[in-house]
Amino acid sequence: MLIGFGLTRLFCSTEKSLSRFVSKMSTFVSHANPVTGKMDWIIQDENYDYHQEIARSAYADMLHDTERNQKYYDALKIAIKMLHDRGEKAHVLDIGTGTGLLSMMAASAGADSVTACEAFKPMAKCAKKIMQKNKLGDKISLIPKRSTEMTVGPDGDMPHRANILVTEVFDTELIGEGAIGTFNHAHQELLVEDCLVIPRAANMFAQPVSSELVRRWNQIDTSNMDGSVPGAVSQCGGAPSLHDLQLDQLPPQQFTPLSAPLMVFRFDFNCKGGLKSDRRSEVTVSADDDGTVDAIFMWWDCEMDPKGEITLSCAPRWAHPDGSDLPWRDHWMQAIYYPSNPLTVSRSEPFSLVSCHDEYSLWFDVTKQGDTSHVLERPLCTCGFHTTLSRTRIGMMGDPCRVSIFQAALKKHVKETSVCLCISDGSLLPVMVASRARKVFVIETNPMYKRITDALIQHNNLRDRVTVINKQPNEISRDDLDNLQVDVIVGEPYFSSSMLPWHNVHMWYAIYDLDAHLADNAVVLPGKMVMKAVAMDFNHMWKIRAPVGVCEGFDLTEFDRLIESSSDISDSNIEPQPLWEYPGRALSSAVDVIKLQYKDLKEKSVQASVELQMKTDGSLNGVAVWTEYEFGEEGTVTTGPRTSLRVGENVDWDYYTRQGVHLLKTPRTVSAGHTIVLHVQFDPKTGEFDFSFKT
Ligand code: SAH
Ligand code: ZN
């Protein structure tokens, strides 16, 4: 977890909401406003002490990672014993102590002195309390500073240099939290020459693959629709954010490896000359199969102890030393990188994988010719699509299931004489509609999305038939619509401000405001939003919100209290997650919770209480909630399961949307017949949905 790190990392965020990164700068907290379809920024007062972010970060998950904890503990015991066997004292420095866990391990393993430092002040405060509670407060010296600000000497933060460094400042990309700078500074200023370092090294692996499903996260797939996207999009370097995910959940039939995993970098954390902050490696292999190199999968492992006998691997199951019996974690996943030009290879044909890193990030490319000089610079998005649209959204736009429903519904309802109005941020719907209709209007209020829509319309030569209106729905006049009445109003619906599926209810606010412009028998697509829910037994996901309690013999309840004190007041009890990455069984059937049409917005409030009855035994640890949009007989667009949900079986969640999930802090063993109640209250004035769960 990295705090107050400066701008570099802030701008290269990850795809996940669950990051170990807590931004010290966010005194602004964003909030979706379904009425306007925009993000509101709420300013936090100065007493806001980031508990919310700690609660939402992957801190807790990291502490549930037993393999990680035990391997650090074992490595520490070995290192301390090695020094004692040599007749030396063991002086341990723990950089980024977090809750104090590794320092307490070092103290318990017999270290002669332990210095812990922590850059994030609220965490350092918490660590102090935890150390006292565990009666180790006077054995550990805690410095609430960034390691690079620490001094050594009689008046310094440490009286003398340490001879053991233990640190866990790694993210999914290994170096994204600034590990290179942290290690280099520590060797220069804080450690003795022949120190021991835990972990001693890391190895980074990459594997080129061919996969339509994966490609769709980076390139809008237009193969199933009328219309295309500008060529600049497919030649583009892509999004700057890290695509981190639970790679193991990609079904094996969805990708073809084009080579075995390749080791591309080794990071020697005990290297006397210092770690380099810009490196490049090139490996030439012969392709294992025919295919296009759509993506490069990446993961790393760590050699924990000074002899390198204990390895901690983040590999996916097909490359993991423990095979399919691998431990689960969410704070380190795997990552996907996209080459800036698709390269097609044939079986046995040689091609080169070029890997690069700077101080904080990695990038990869593939080539056949051996000319790899262009790879030296970190690629940037030059087309504007990748910086505006999230990967989830890029995937959603080209999702064949959605596209086929849109195409069928438009075919049925849009005539050559139709006047159509499209409402959705940066959508291909206007392009799909334009080939059938007389006239198409598009509402685009966000300038970034308007640029995308303009580019799509221009590229598809539709400027004479499509007009983009840059106004809020309630500001639109007859003039804006060329004095025409709208026959078909259509939305995906998708709005960039929608953090949770039901925030797309903005579609119906827009229709409500546009009522006066609709023809008498106007068709509204989709007509209704249906909210659905299912009771879940997630294999692991519940751990990310479960209290830590006692960890490797150390009482961390103070940390649980820190999280709970804030999340009880300020946390929404339902959070967005890409559930396809988190396997789990359905314990109940899918139940309709609430159905909304635009007429319902006239009501004072709309509420529903539904019972979710368990149809099978299991561990109840979550409730998943999603929405569906009805396009009549032509189909239903879902933000939930892609295939019909079967009780007792794993749910097949959509790859290109996020669902809402309520995670129970303490899982409950339940039997078939057990019933829980979900109550939802919708306030048409604010567009807010309030959820309460009686489990
Ligand atoms: N060591 C703990 C916590 C690991 S999370 C454990 O293993 O459970 C990483 C922590 O390191 C975060 O709390 C982050 O704020 C801190 N951190 C990262 N780089 C740091 C640095 N250079 N100096 C001090 N703290 C740092
Ligand atoms: Zn781009």
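Which residue stands opposite valine 442 in S22? I looked this up in the model, which is a predicted one. Valine 468 is the residue that stands opposite valine 442.

**Entry 1: the parallel sheet**

Strand S21 covers residues 439-443 and is joined to S22 by four bridges. S21 and S22 run parallel. I then traced the rest of the sheet. It is open, has five strands and reads S22-S21-S20-S23-S24, with parallel pairing. I noted the edges next: strand S22 (466-469) and strand S24 (518-525) each have a single partner strand, so one side of each is left without a neighbour in the sheet. For the twist I noted an average of 20° from one strand to the next.

**Entry 2: the antiparallel sheet**

I turned to another open sheet, which has three strands in the order S31-S35-S36 and antiparallel pairing. Strand S31 (606-613) and strand S36 (688-694) stand at the edges; each has a single partner strand, so one side of each lacks a neighbour in the sheet. Neighbouring strands here are turned by 15° against each other on average, direction ignored. I counted the links between S31 and strand S35 (residues 675-683): eight bridges join these antiparallel strands. As one example I wrote down glutamine 607, whose bridge partner in S35 is glutamine 681.

**Entry 3: the domains**

I looked up the domain assignment of the protein chain. It gives domain 1 as 59-168 + 178-198, domain 2 as 201-391, domain 3 as 399-525 and domain 4 as 528-694.

How much area is buried between domain 1 and domain 4? I have about 1600 Å², with 73% of it from carbon and sulfur atoms. On the side of domain 1, Leu63, His64 and Lys133 lose the most area to domain 4, and together they make up 29% of what that side buries.

I also went through the polar side of this contact. Two salt bridges are counted between domain 1 and domain 4. Lysine 133 forms a salt bridge with aspartate 555, and their closest N and O atoms are 3.5 Å apart. Three residue pairs are in polar contact between domain 1 and domain 4.

Key
Residues are numbered from 1 along each chain as its sequence is written. Chains are lettered from A and ligands numbered from 1 in the order in which they are written. This is a predicted model: local features need pLDDT of at least 70, side-chain atom pairs count only at pLDDT 80 or more; totals for chains, interfaces and linings use all residues. Side-chain values use heavy atoms; hydrogens and water are left out. Two strands pair if DSSP finds at least two bridges between them. Helices (H or I, at least four residues) and strands (E, at least two) are DSSP runs, numbered from the N terminus. Axes are lines fitted to C-alpha atoms, for helices over the stretch in contact, and angles run from 0 to 180 degrees between N-to-C directions. Domain bounds come from an automatic or database domain assignment. Buried area is the accessible area (1.4 Å probe) that two parts lose on being put together, summed over both. A salt bridge is a side-chain nitrogen of Lys or Arg within 4 Å of a carboxyl oxygen of Asp or Glu. A polar contact is a pair of N or O atoms within 3.5 Å; within protein, one must be able to donate a hydrogen and the other to accept it, and residues adjacent in sequence count only if both atoms are side-chain atoms.
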